[in-house]
Amino acid sequence: MAKRRASGEGSIRKRGDGRWEGRYVAGHDANGKPIRKSVLGKTQAEVKEKLKQAIADAQGVDVQKADEYTVGKWAEVWYEVYSKPNIRESTQRYYRAFIDRHVIPMIGDIKLKKLTGRDLQIMYNEVREHGRIRVSQKDKNPGMSASYVNGLHRMMHNCLNRAVKERLILRNPADDCIAPKLQRTEMKVLKAEDVGAYLKAAEELDILPMFFLELCTGLRKGELTALLWEDLDVENKVLTVNKQAISIDGGGVKVSPPKTETSIRKIAISQETLDHLIAEHAKHPDNPYMFPSPRTGEMYHPDSIVNLHRKILKRAGLEPIRLHDLRHTFATLALQNSVDIKTVSWMLGHHDAGFTLRTYTHATVAMQEQAAATMGSLMARAM
């Protein structure tokens, strides 16, 4: 009876004459029909190896080259040659951490050609349950988030896809894995009735212009801190966003291109916002940065304005929300006050309005209800 094997691995059976036979598909003829071939051997183990080699030969796998790589070695080669030159520095840090903390210690010694979906699944499960490295958090929350494990899975899928293209393996074992489902957390925003208290507290802390601009534009924190005075067209009241500040190893910060191509944009600002920015510039007219650190005179570290945001919330007596939630606040209030979805999407630097619509469904429900009432009234009048 033929032994069941995974798709693409052929089948093995013991023949009536005592020998073992491995059957496999070596390709397809001009009519699309499979070309079936077989290998013979005295033992099941012998046929298994012959079958593996025959399938590899048929599908063009470079067996000799594949023998050179363990999973860890291939991950290093893939990262340096194919991935690192084509991804942002923040993504580089994530991938480097994935490889150093999980891939090499857990599956790095496995031969690349022997890696299975089960090996990857076990790694994902272990990281999900016990993957946290930081000692201060490990006791309270030993496992990593579903989002983190999904990122690890996506990296491994890309890494192994390249191995398939390099003819090192027949198929991508990551295709067999089940990554944890992403749990969409409830979005928090600053309530409309709390905006006044937030801005008043920012004014008392002498940091109002920065956070007034944030609530009026929804800029990412790195975009906000990287702004230069020259990015502002005072006459036309237009702000150019074409860079971002990102953290680097060692606690430093550097300026890089924005997150995506659509993140490069020009944003119209109000007269009120412009007045605040001009007042801010008057405090340090010779400094190129729009919001320089009063301590160093240089660009703020993105994490520093997170701390400023927390001080504002504390002073205003408001519930804690993330700095990034001010971006959500801008989008929500804009949509609820009849700013069209395409304009909001452009101001946020999203790649398309559909993404904005899906992200802020909660804010558009009231708009849909208003549209339904408008159309209902229109039809009633027509009758």
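This is a predicted model: local features need pLDDT of at least 70, side-chain atom pairs count only at pLDDT 80 or more; totals for chains, interfaces and linings use all residues.
View 1. Residues are numbered from 1 along each chain as its sequence is written. Local features need pLDDT of at least 70 and side-chain atom pairs count only at pLDDT 80 or more, whereas totals for chains, interfaces and linings use all residues; side-chain values use heavy atoms, with hydrogens and water left out.

**View 2. Surroundings of H301.** H301 lies in the loop between helix 11 (271-283) and helix 12 (302-316); helices (H or I, at least four residues) are DSSP runs numbered from the N terminus. Because its relative accessibility is 19%, H301 counts as buried. Leaving aside residues up to four places away in sequence, H301 touches T225, S247, G251, G252 and V253, where contact means heavy atoms within 4.5 Å. The side chains of H301 and S247 are joined by a polar contact of 3.5 Å. The side chain of H301 also reaches the backbone nitrogen of D303 at 3.0 Å. A polar contact is a pair of N or O atoms within 3.5 Å; within protein, one must be able to donate a hydrogen and the other to accept it, and residues adjacent in sequence count only if both atoms are side-chain atoms.

**View 3. Salt bridges, including the pair D206 and K283.** A salt bridge is a side-chain nitrogen of Lys or Arg within 4 Å of a carboxyl oxygen of Asp or Glu, and by this rule the count comes to 20. In the salt bridge between D206 and K283, the closest N and O atoms are 2.8 Å apart. D206 lies in the loop between helix 8 (195-204) and helix 9 (208-217) and K283 in helix 11, so the pair ties together parts that are 77 residues apart in sequence. K283 is partly exposed, with a relative accessible area of 47%. E76, E80, R96 and D100 are linked in a network of salt bridges.

**View 4. The salt bridge of R13 and E21.** The side chains of R13 and E21 meet at 2.8 Å, N to O. R13 counts as partly exposed at 25% relative accessibility, whereas E21 counts as buried at 6%.

Technical notes: Helices (H or I, at least four residues) and strands (E, at least two) are DSSP runs, numbered from the N terminus. Buried means under 20% relative accessible area, exposed over 50%, partly exposed in between (1.4 Å probe, protein chains only).
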